[in-house]
Amino acid sequence: MTKIIRIKDVDLCYEIFGDGHQKNIVLIPGLGSQMIRWDIAFCELLVEKGFRVIRFDNRDSGSSVFNTKREIPSDKGIKEIFATLSKEGIPYSLMDMANDVIGLLDHLDIKKAHIAGRSMGGIIAQLLGSYYPERVLSLTIIMSTSLNPSLPKPDPEVMAMMTQVSADPVLHKAEYLREKIRFAKKIWGSGYVFDLNQEKVLLEEELTRSKTKNGVIRQLLAMGSFQYDPGLLKKITVPALIIHGTDDLIFHSDCGKNIADSIPGAEWVLIEGMGHSIPFELYSFIGDRISDLSK
């Protein structure tokens, strides 16, 4: 059962599995991604391993709403929007999103938790490990990046797909779904079969759950305004597991390797054929590695 709490200017939606367990893990979604991308089957697998699993929607995705009176035009590309905003005009930062996690932990009266983040959620996890070491027991960072500007750039076609003006899902739902499915297939990876039906189910559920406008744009602005700090990862002292795929077209595997090399003692796992997604076939493997990290 999902619940919504107010943290400053955010109505944050979350859900808990395995409420009887004492070992807490928070799952942070990626850019524009909802908590349901942390599949129930994966959450239940972690519960079987003794975790109390907390998944949530980042602000501006799913049922978590960033309350603002200032809307951003939805008919413009991200580059055009970013060019018109000063740093002070950015709606919020990745650090604000990290503070949402701390606010959720405070609400749940959790002093320390294991943290797992995927993609942008992995960057938020890095911020938590660096700025809130007293609240973090371990970090699992999946298909993510440090945003080091010297790292390989995303695939140009994928980047264009991410930043283009999307079809309106209300007015042109069929076209919207075609765009999203094409993108999901593109980033999936060659080592695992893309489940078209499952993707359609997820997209339909996301449309039903979505309660915000321009959320992806504001999250992109948060990422685009992030100032890379080479010392950030070196401050992380908790056990860290970095998982990446060889076929990731958004964040090249060098991005994950850079994180692993920068965090003292981090474990590096490169998965052949995995793209910018977590296939069902990898749930057990990743769950085992997370469980091992928490011991």
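A disulfide is taken here as a pair of cysteine sulfur atoms within 2.5 Å. By that criterion, a search of the whole structure returns 0 disulfides. The sulfur of cysteine 43 has its closest cysteine sulfur in cysteine 13, at 13 Å, which is too far for a bond. Cysteine 43 counts as buried at 0% relative accessibility, and cysteine 13 is likewise buried, at 1%; buried means under 20% relative accessible area, exposed means over 50%, and partly exposed covers what lies in between, with a 1.4 Å probe and protein chains only.

The model is predicted, so local features need pLDDT of at least 70 and side-chain atom pairs count only at pLDDT 80 or more, while totals for chains, interfaces and linings use all residues. Residues are numbered from 1 along each chain as its sequence is written, and side-chain values use heavy atoms, with hydrogens and water left out.

Helices (H or I, at least four residues) and strands (E, at least two) are DSSP runs numbered from the N terminus, and two strands pair if DSSP finds at least two bridges between them. Strand E1 (residues 3-7) and strand E2 (residues 10-17) run antiparallel and are joined by 5 bridges. Within this pair, cysteine 13 of E2 stands opposite isoleucine 4. The hairpin of E1 and E2 has 2 residues between the strands. Lysine 8, in the loop between E1 and E2, has a positive phi of about 55 degrees although it is not a glycine. Lysine 8 is exposed, with a relative accessible area of 77%.

Aspartate 60 belongs to the loop between strand E4 (51-56) and E5. In this case the residue is buried, at 3% relative accessibility. Aspartate 60 is one of the residues in contact with phenylalanine 66, alongside Asp9, Val10, Arg59, Pro91, Tyr92 and Arg218, leaving aside neighbours within four places in sequence; contact means heavy atoms within 4.5 Å. Phenylalanine 66 lies in strand E5 (residues 65-66) and is buried, with a relative accessible area of 8%.

Two of those contact partners also meet each other. The charged end of arginine 59 sits over the ring of tyrosine 92, 4.7 Å from its centre; such an arrangement requires NZ of Lys or CZ of Arg within 6 Å of the ring centre and within 35 degrees of the ring normal. The charged end of lysine 235 is placed over the ring of tyrosine 131, 4.7 Å from the ring centre.

For ring-ring geometry, a pair of aromatic rings is described by the distance of the centres and the angle of the planes. Rings of Phe, Tyr and Trp (its six-membered ring) pair if their centres lie within 6.5 Å; planes under 30 degrees apart are stacked, those over 60 are edge-to-face, and the rest are tilted. The count by this rule is 5 aromatic pairs. Ring pairs link Trp38, Phe42, Phe280 and Tyr283 into a cluster.

Strand E6 (residues 113-118) runs parallel to E7, and 6 bridges join the two. Across this pairing, alanine 116 stands opposite threonine 140 in E7. Of the 7 residues of E7, 6 are buried. Leucine 137, located in strand E7 (residues 136-142), is partly exposed, with a relative accessible area of 34%. Leaving aside neighbours within four places in sequence, leucine 137 is in contact with Lys112, Ala113, His114, Val238 and Pro239. The C-alpha atoms of leucine 137 and proline 239 are separated by 7.4 Å, although these residues are 102 residues apart along the chain.

A nonpolar core is a set of buried Ala, Val, Leu, Ile, Met, Phe, Trp, Tyr and Cys residues joined through side-chain atoms within 4.5 Å. The largest such core has 50 residues, and Val26, Ile28, Leu94, Ile115, Leu128 and Ile263 have the most contacts inside it. Helix H3 (residues 94-107) gives the most to this core, with 7 residues. A second, separate core of 34 residues includes Ala184, Val269, Met274 and Tyr283. Glutamate 199, in helix H7 (residues 196-209), touches Ala184 as well as Arg37, Ile181 and Phe194, not counting residues up to four places away in sequence. Glutamate 199 is buried, with a relative accessible area of 7%.
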